[in-house]
Amino acid sequence: MNYNTKIRYDFVKNRNKFFTFSIALTVAGILSLILFSLNFGVDFKAGTSMDISTGKTVTQQQAKEVLAGLGYEDITPTVGGNGNERISVRFDEVLDAQQSTAVMNAMKENFGEDTSAEVNVVSPELAQEMGIKTIWAILIASLGIMIYVMIRFEWRFALAANISILYDSFVVVAVFSIFRLQVDLPFIAAVLTTLGYSINDKIVIFDRIRENLRFAKIKNEEQLSELVNASIWQTMARNLYTVLTVVIVAGCILLLGSESIRLFSLALIVGLVSGAYSTVCIASPLWLILKRFGKEKPKAVEAKPAP
């Protein structure tokens, strides 16, 4: 069967290049996690967050000067809302009632008596519990996806897909670790969203591979490689359109959205790009390798004694 792929880039033939790049990125991420860990936000470490409503326009510099007057010189507040009337402050320590009251009194003194605040405190025990639950959420989601793909297709597809989506999740974690970006609950939502979009792209290609296998007469590994590469190109436009649509929206949120969701959109963009890459360059070639090693060897035919 002629798939007309000779003039197109052969992803399967060049799979070792992609595997080497992916392994190098994974090693860099592991080293960054070992040396620097993650820059956890208040959601995953003990601390206090205050969302303050002033009822009037406030600049970030004004809010920062108020906090500096209380001794919190290293804290940079976030200003947003309609007319920049809301201030979000994250403290790396658990404030007691007296400290919280002092912050509120200073805000009221500078921005008016109508200033109000919502105070959220995360204890060390709660932060540890949330971190453990986050790990379990990612593992359970990955396991559920693997079981679904195994039922829908076969174990080789499931294993290749699961390795790829875990790689996508790790890439997001590695990027945030290397560039010291803050990790909070929206970040976890972005990672879980990445899993969903990533497996969707892989299912599309795997379904095309399975469909092509039904009508192809594969005699050797070269023909199977050609089939996989053809399946990638046959679904390329569909996968690119899907990813680009979401990336454009996430990019607009990153550039035009509020400060509180910018890291979420950035994590989503990184995950989507990684998912598109792993679908083409990792998952499909990895299935081919598993298929090659999973072939049953022909049984030796016993010689019958001559009559």
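Visitor: Which residue in β4 is the bridge partner of S53?
Guide: R86 is the bridge partner of S53 in β4. Strands here are DSSP runs of E with at least two residues, helices are runs of H or I with at least four, and both are numbered from the N terminus. This is a predicted model, where local features need pLDDT of at least 70, side-chain atom pairs count only at pLDDT 80 or more, and totals for chains, interfaces and linings use all residues. Residues are numbered from 1 along each chain as its sequence is written, and side-chain values use heavy atoms, leaving out hydrogens and water.

Visitor: OK. How many bridges join β2 to β4?
Guide: 6 bridges join β2 (residues 47–53) to β4, and the two run antiparallel. Strands pair if DSSP finds at least two bridges between them.

Visitor: And how many bridges for β3 with β4?
Guide: 3 bridges, also in the antiparallel sense. V79 stands opposite I87 in β4. The hairpin of β3 and β4 has 5 residues between the strands, and G81 takes a positive phi near 85° there.

Visitor: Which β4 side chains are buried?
Guide: I87, V89 and F91 point to one face and are buried. Buried means under 20% relative accessible area, exposed over 50%, partly exposed in between, with a 1.4 Å probe and protein chains only. In a regular strand the side chains alternate between the two faces of the sheet.

Visitor: Switching to helices. At what angle do α1 and α5 pack?
Guide: About 50°, with their axes 9 Å apart. Axes are lines fitted to C-alpha atoms, for helices over the stretch in contact, and angles run from 0 to 180 degrees between N-to-C directions. α1 and α5 are therefore oblique to each other. Angles under 35 degrees count as roughly parallel, over 145 as roughly antiparallel, 65 to 115 as roughly perpendicular and the rest as oblique.

Visitor: Which residues meet there?
Guide: In α1, they include S22, L25 and G29; in α5, they include Y167, F170 and V171. The contact divides into 9 nonpolar, 5 polar and no charged residues.

Visitor: Is N162 buried or exposed?
Guide: N162 counts as buried, because its relative accessibility is 10%. The residue sits in α5. N162 touches S142 and M146, not counting residues up to four places away in sequence. Contact means heavy atoms within 4.5 Å.

Visitor: Last one. How do α6 and α9 cross?
Guide: Their axes come within 8 Å and cross at roughly 25°. That makes α6 roughly parallel to α9.

Definitions and conventions. Nonpolar A, V, L, I, M, F, W, Y, C, P; charged D, E, K, R; others polar.
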